[in-house]
Amino acid sequence: MLDLAFVRENLEFVRQKLADRGAPDLLGDFESLDRERRKLLVEAGSLKARKNKVSDEIATLKKQKQDASALIAEMKRVGAEITDLDGKAKAQDEKLQETLKQIPNLPHESVPVGRSAEDNQEIRRWGEPRKFDFEPKAHWNLGPELGILDFDRAAKITGARFAVYYGAGARLERALANFMLDLHTREHGYTEVLPPFIVNSTTLYGTGQLPKFAADLFKLENSDYWLIPTAEVPVTNLYRDETIEAEKLPIKYCAWTACFRSEAGSYGKDTRGLIRQHQFQKVELVKFALPEQSYDELESMTRDAGRVLEELGLPYRVVALSTGDMGFGAAKTYDLEVWLPSNGGGYREISSCSNCEAFQARRAGIRFRRAQGKAEFAHTLNGSGVAVGRTWLAILENYQQADGSVVIPEALRPYLGGMERIEPQSPT
RNA sequence: GGAGAGGUGGCCGAGUGGCUUAAGGCGGCGGUUUGCUAAACCGUUGUACGGUCAAAAGCUGUACCCAGGGUUCGAAUCCCUGCCUCUCCGCCA
C-alpha cells in the first residue's frame with residue numbers, strides 16, 4: 001500500500017509511475033474523496049470534543065444533585081449527528097482504503113520502463129548451454145520414461161496440473177530442497193523457518209495477494225483459511241504488527257514449503273510438464289531490511305539464488321523486469337531464468353527476487369526502531385532460492401544422456417547417497 | 001467435540017457506568033547527586049488519522065483497554081457476536 005500523505009502530496013508523480021507500469025488510472029476520484037473525508041473528520045472531531053466536554057459537565061451537575069436534563073437532551077441530538085457524520089466518514093475512508101489497496105507499488109527509478117516481458121533487460125549470464133549430439137527430450141517425456149514421474153495417475157487421483165514422483169524422482173526432489181536449505185543456512189546466513197502452509201485472509205492482505213488476487217488462490221471451505229501460494233506470505237507476516245530493533249536488521253529467513261496456485265487464467269499455458277502446477281515446492285528467501293540497505297540486499301539475495309544454479313551447473317541469466325512485467329507489490333524485481341534444452345532451447349523463470357520497499361510493511365505494520373527516534377516501516381524482500389520443481393526438471397533436461405539416463409550433478413550426490421545417475425526404473 | 005477461566009500501554013498489574021486526560025510498579029529516555037559503579041531523587045514515555053504552520057518543531061482535536069456490533073447524555077467497565085490464549089475431559093498423527 002502506498003502512503004496516503006505521500007500520494008496526496010505527489011499526485012502527478014504517482015500517476016506517472018503507475019502509467020509506467022501500464023496500470024489503469026485508479027486515482028480518478030482520489031482528490032475529492034480525500035478532501036471530503038478530511039472535511040468530515042474535522043466536523044465529527046469538533047462535535048466529539050463538545051460531547052466529551054458536556055459529558056463532564058453532566059457528571060459534575062449530577063454529583064451536585066442538580067438538574068442536567070437540558071444538557072442531556074442536547075447531547076442526544078449531538079450524538080445522533082455524530083453517528084451520522086461518523087457513518088459518512090467511515091464510508092469515505094473505506095472507499096479511499098479500497099482505492100489504495102488496489103494500487104500497485106511504484107517502480108524504482110532503476111527499473112526499465114516498458115510494457116511487458118519483451119522490455120525486460122538482461123543483466124548477466126552464467127554458464128554455457130550444453131551442445132547436445134542427440135535430440136534432447138522434454139522432461140515430460142524423460143520423467144515418465146525413467147519411471148520416476150507420472151501425470152496420468154496424478155490426474156486420476158486429483159486432476160490436471162498435478163504430478164506423482166516415484167523412487168529416484170521423489171528422492172531427487174527431496175535432495176534438492178535439502179541442498180538449497182543447507183546452502184542458504186550454512187553459507188549465506190539465512191535462518192531456516194518452517195511455517196504453516198495455511199494462512200488467514202489478514203495475512204494475505206499483508207503481503208498484497210488480497211484483495212485483488214483472490215482468484216489465484218485456493219480457499220478452504222467454511223473457514224477463513226487459504227493455502228499459501230508462496231512461503232513469502234507466512235514468512236513476511238511473521239513480523240506483522242511488530243516493531244523490530246534496528247540492530248537486528250537485516251533479518252534473513254529461508255523456508256521450504258509446498259505452494260498452491262489455482263492458475264486461473266492460465267488455461268492453455270504450459271499445459272505439459274511440471275512448469276506450471278497447482279502444487280509445487282519452493283525454497284523461499286525473505287529479508288527484512290533497513291530502507292537505506294534494501295537495494296544492496298536485493299543484489300545479494302539475487303546472487304544467493306544464483307549460487308544454487310551455479311553449484312548445480314545449470315546455465316542461467318538474470319533479467320531486470322520492466323515496469324510492465326513486475327508483480328503487484330514489487331518496486332524492483334530480478335528474475336533468474338534457467339536454460340532448458342527442450343522446445344529448441346530457451347531460458348525459463350526459476351526464481352524471482354523482489355524488493356517491495358515499504359509497500360508490504362505499510363499494509364502489514366512491519367516496523368523497526370533505531371536507537372533514537374520513531375518507528376519506521378521496514379523494507380521487505382523476497383525471492384525464490386529457488387523453485388524446487390523447476391530445478392528438478394532443469395536437471396533432467398540438462399543432464400540427460402543419449403541412453404535416456406540422467407547424470408546427477410556432483411554437488412547433489414551427497415544428498416542422494418552417492419547416486420551418480422538415474423537409470424530407467426520400474427515405479428512398482 | 002464438551003466444560004470452565006481469561007485477553008488492559010514495551011512488560012507486570014489495578015480498575016463493575018462519570019474525580020481514569022488508565023492507579024501503581026518494572027523497563028526505556030533525559031537530568032540531579034556521586035571518585036567510579038550501584039542506589040536515591042526529579043522529569044519524561046505509544047500508535048493512527050486530522051487541524052494549525054511555507055516546512056519542521058511546537059501547539060491542538062479525535063480515536064485506540066483482542067476485534068466488530070449494541071445500550072447510554074456518558075463504556076476499559078453493561079449486552080451480543082466473533083477471534084485468540086490457558087486448564088480439564090473426549091478424540092487423534
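Although E357 is not a glycine, its phi is positive, at about 50°. This residue is buried, with 25 other C-beta atoms within 10 Å; a residue counts as buried if 20 or more other C-beta atoms lie within 10 Å of its own, as exposed if 12 or fewer, and as partly exposed in between, with C-beta atoms placed from the backbone.

The structure is a predicted model, in which local features need pLDDT of at least 70 and side-chain atom pairs count only at pLDDT 80 or more, whereas totals for chains, interfaces and linings use all residues. Residues are numbered from 1 along each chain as its sequence is written, and chains are lettered from A and ligands numbered from 1 in the order in which they are written. The average pLDDT (the predictor's confidence in each residue, from 0 to 100) of chain A is 92, and 100% of the residues score at least 70. For the complex, the predictor gives a pTM of 0.92 and an ipTM of 0.85.

Chain A contains 17 strands and 12 helices, and its C-alpha trace spans about 100 × 45 × 45 Å along the principal axes. Of its 428 residues, 38% are buried. Two residues are in contact if their C-beta atoms, placed from the backbone, lie within 7 Å; among contacts between residues at least 6 apart in sequence, 74% join residues at least 24 apart.

An open sheet of 8 strands shows mixed pairing in the order β1-β10-β11-β12-β15-β9-β8-β4, two strands being paired if DSSP finds at least two bridges between them. Its edge strands, β1 and β4 (191-193), each pair on one side only. From one strand to the next, the twist averages 25°; axes are lines fitted to C-alpha atoms, for helices over the stretch in contact, and angles run from 0 to 180 degrees between N-to-C directions. Helix α7 (residues 167-187) packs on the sheet, where it touches β4, β8 (251-260), β9 and β15, and its direction makes about 10° with that of β9. Helix α10 (residues 294-311) also packs on the sheet; its contacts include β1, β10 and β15, and its direction makes about 10° with that of β15.

Within the sheet, β9 (residues 279-289) and β15 (residues 379-387) run antiparallel and are joined by 7 bridges, with F288 bridged to T380 in β15. Strand β15 also holds V386, and the peptide bond from G385 to V386 is cis, with omega near 0°. Among the 6 residues of β1 (121-126), the count of buried residues is 0.

A further cis peptide bond, with omega about -5°, joins L249 and P250; P250 belongs to the loop between β7 (242-245) and β8. In the loop between α9 (232-236) and β7, D241 has a positive phi near 55°. D241 is exposed, with 11 other C-beta atoms within 10 Å.

RNA strand B is surrounded by 20 residues, the closest being G45, K48, A49, A59 and M75; a residue is near a strand if its C-beta atom, placed from the backbone, lies within 6 Å of it. Helices α1 (4-9), α3 (30-63) and α4 (69-102) each give two or more residues to this surface, and α3 gives the most, with 12 residues.

Methods
Helix = DSSP H or I, 4+ residues; strand = E, 2+ residues; numbered from the N terminus.
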